Amino acid sequence: MAAVAAAAVALLYLVHRYTAVAAAPLRAGPFLSGHRPAQHAVSRFHVRWYVLTLLFLAFDVEMLFMYPWALVVARVGTSSVVEMFGFLGVLMAGVVYAWREGALRWS
């Protein structure tokens with residue numbers, strides 16, 4: 001079966017090589033209308049959206065675990081509450097750090 005799959009892939013590759021319009025790579029980039037970029041692609045995007053997305057996902061995941069934590073607290077007790085508040089403390093430290101660095105400013 002592996003030999004049949006390898007032969008099929010090789011056949012498709014050969015068909016592609018003989019039926020392709022041009023084998024040369026594109027000379028112009030796909031973005032910026034073919035011009036060379038003046039800055040790196042990362043700096044063209046608004047960084048604050050990434051920070052806000054991570055904050056939302058962190059709080060969303062924390063809320064997903066709230067119901068199971070209610071069951072865990074009933075069984076385990078105080079140590080699970082300490083662990084939960086430790087996680088929330090780390091999460092809030094991340095929010096305060098992002099706020100201090102200006103990641104949450106909209107202007």
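Leaving aside neighbours within four places in sequence, which residues is Ser-80 in contact with? A few notes to get you there, and around the rest of the chain.

1. The serine, to begin with. Leaving out whatever sits within four places of it in sequence, Ser-80 touches Trp-69, Val-72 and Val-73. Ser-80 itself belongs to helix H4. With a relative accessible area of 2%, Ser-80 counts as buried because the cut-off for that label is under 20%.

2. Before you go further, bear in mind that this is a predicted model. The mean pLDDT for the chain is 78, with 76% of the residues at 70 or more. If you want to know where the confidence sits, helix H1 (residues 2-19) has the highest mean pLDDT among the elements, at 93, while helix H2 (residues 47-64) has the lowest, at 74.

3. On the overall layout, you'll find four helices and zero strands. Walking along the sequence, that gives the pattern α-α-α-α. Of the contacts with a separation of 6 or more, 59% are between residues 24 or more positions apart.

4. Now for burial and surface. Buried residues account for 10% of the 107 in the chain. The chain exposes about 9,400 Å², and 72% of that comes from carbon and sulfur atoms.

5. Back to H4, which covers residues 78-100. Its 23 residues reach 32 Å from first C-alpha to last, close to the 33 Å expected at 1.5 Å a residue. Besides Ser-80, the buried residues of H4 are Met-84, Leu-91, Val-95 and Ala-98. After H4 comes Gly-102, which has a positive phi, near 85°.

6. How many of the 18 residues in H1 are buried? The count is zero, so this helix is hardly covered, given that buried means under 20% relative accessible area. As for its span, H1 reaches 26 Å between its first and last C-alpha, close to the expected 26 Å.

7. One surface feature to look at while you have H1 in view: Tyr-13 lies in that helix. Together with Leu-14 and Tyr-18, Tyr-13 forms a nonpolar patch on the surface, and the three have about 410 Å² of accessible area together.

How values were computed:
Residues numbered from 1 in each chain as written. Predicted model: local features only at pLDDT ≥ 70, side-chain atom pairs only at ≥ 80, totals over all residues. Heavy atoms only, no water. pLDDT = per-residue confidence, 0-100. Helix = DSSP H or I, 4+ residues; strand = E, 2+ residues; numbered from the N terminus. Buried < 20%, exposed > 50% of the residue type's maximum accessible area, 1.4 Å probe, protein only. Contact = heavy atoms within 4.5 Å. Areas by Shrake-Rupley, 256 points an atom, 1.4 Å probe, with all protein chains shown as cover. Patch = residues over 30% accessible without salt bridge, like charges linked within 9 Å, V, L, I, M, F, W, Y side chains within 5 Å. Salt bridge = Lys/Arg side-chain N within 4 Å of Asp/Glu carboxyl O. Expected span 1.5 Å × (residues − 1).
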